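Reader: Before we go through the features, please show me what we are looking at.

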Amino acid sequence: MTLGLLILLFVAYQLWGTGILTARAQHGLKQDFAKAQEAYAAEHTTSTTVRPRPTPTTGSTSTTTQPVRPAPPVPAEGEPEGLISIPRIGLNKMAFVEGVSRDDLKKGPGHYPDTPMPGTLGNAAIAGHRTTFLHPFYDVDKLKPGDDIIVETLAGKFTYKMTAQLVVKPTDVQVVDNTFDAQLTLTSCNPKFSAEQRIVIKARLAPNESAKPTKPQVRRVATGGGKARPHQALMEEGLSGQERSLTPAVRWGLAALLVGLAWWWAFRRWRHPITWIVGVLPFLVVLFAFYVYFEQALPAGY
């Protein structure tokens, strides 16, 4: 019964407890992105003078100024890149980061580093969890052609219109291959609570509702040999377990066992509600830490 209860608690942690970590990360990411927006606007708000030809009636010329900004630089891995909103599924201005590693996707959706940034020409690809870590893409299967996917970066706000939904194998990485026009691809696991397949949402930029797309600045993610890692390697990295989490998982597991035994012994000796309350608090703390590292050591379930 105890083991069964611990397993149920672990399932609850994956579905809801991981959201606590993501919510904390989101708070910091949104603050950092707001500061970056202010700094970028202050640094790059320059003006160009537009001089139209003299009018036949007055012979005078008028001048106007228009802000000109260069394309924003690609942020470092794990840093905020922008905000994504999908009204159809209730996703409202969730910060997404650069990178799709396991640590990156804990913070929120992640942009594939070897694809163009959203708001630029080409196929920008973003991955996100579907059932854990605030499950940003939980209901992406409900999107319909024409639905808005709104992305806000330092370069401005960009509205994409959903065009197609695909379900593919994890090895079908061509869905994030580059394109000539400005497109957006969202990827997540399918079906829910499984990593057996991938659900893919394709969208195309709506020019009349968006800032003008710029030339892409792609940062290639290299291995030790200097070669760019393919999409497959990036997707597998986000799904694989972390070996470095095994040691702390074992340590916190032993700590949870010792605290649990001490709690059991104390309650057997002093059967009182206060004894139960005093014991449950430290046990839940160490159990939560164990679940954090244990979950990191397991293959991701998205």
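**Reading the model**

Author: Contact means heavy atoms within 4.5 Å. Among contacts in the protein between residues at least 6 apart in sequence, 66% join residues at least 24 apart. This is a predicted model, in which local features need pLDDT of at least 70, side-chain atom pairs count only at pLDDT 80 or more, and totals for chains, interfaces and linings use all residues. Residues are numbered from 1 along each chain as its sequence is written, and side-chain values use heavy atoms, with hydrogens and water left out.

Reader: What does the protein average in pLDDT?

Author: pLDDT is the predictor's confidence in each residue, from 0 to 100. The protein averages 84, and 81% of the residues score at least 70. Over residues 61–68 pLDDT stays under 50, and over residues 220–229 pLDDT also stays under 50. Where pLDDT is low, the predicted coordinates should not be read in detail.

Reader: How many helices and strands does the protein have?

Author: Helices (H or I, at least four residues) and strands (E, at least two) are DSSP runs, numbered from the N terminus. The protein has 5 helices and 10 strands.

Reader: Which residues have the most contacts inside the largest nonpolar core?

Author: A nonpolar core is a set of buried Ala, Val, Leu, Ile, Met, Phe, Trp, Tyr and Cys residues joined through side-chain atoms within 4.5 Å. Buried means under 20% relative accessible area, exposed over 50%, partly exposed in between (1.4 Å probe, protein chains only). The largest core here has 23 residues, and those with the most contacts inside it are Ile84, Ile86, Phe137, Ile149, Tyr160, Leu184 and Leu186. Elements giving two or more residues to this core include β3 (80–86) and β9 (182–190); β10 gives the most, with 4 residues. A second, separate core of 9 residues includes Leu105 and Tyr112.

Reader: Is Glu81 buried or exposed?

Author: Glu81 is buried, with a relative accessible area of 3%. Glu81 lies in strand β3 and touches, among others, Phe33, Phe96, Met117 and Glu152.

Reader: What share of the protein do buried residues make up?

Author: Buried residues make up 42% of the 302 residues.

Technical notes:
Lists of a residue's contacts leave out its neighbours within four places in sequence.
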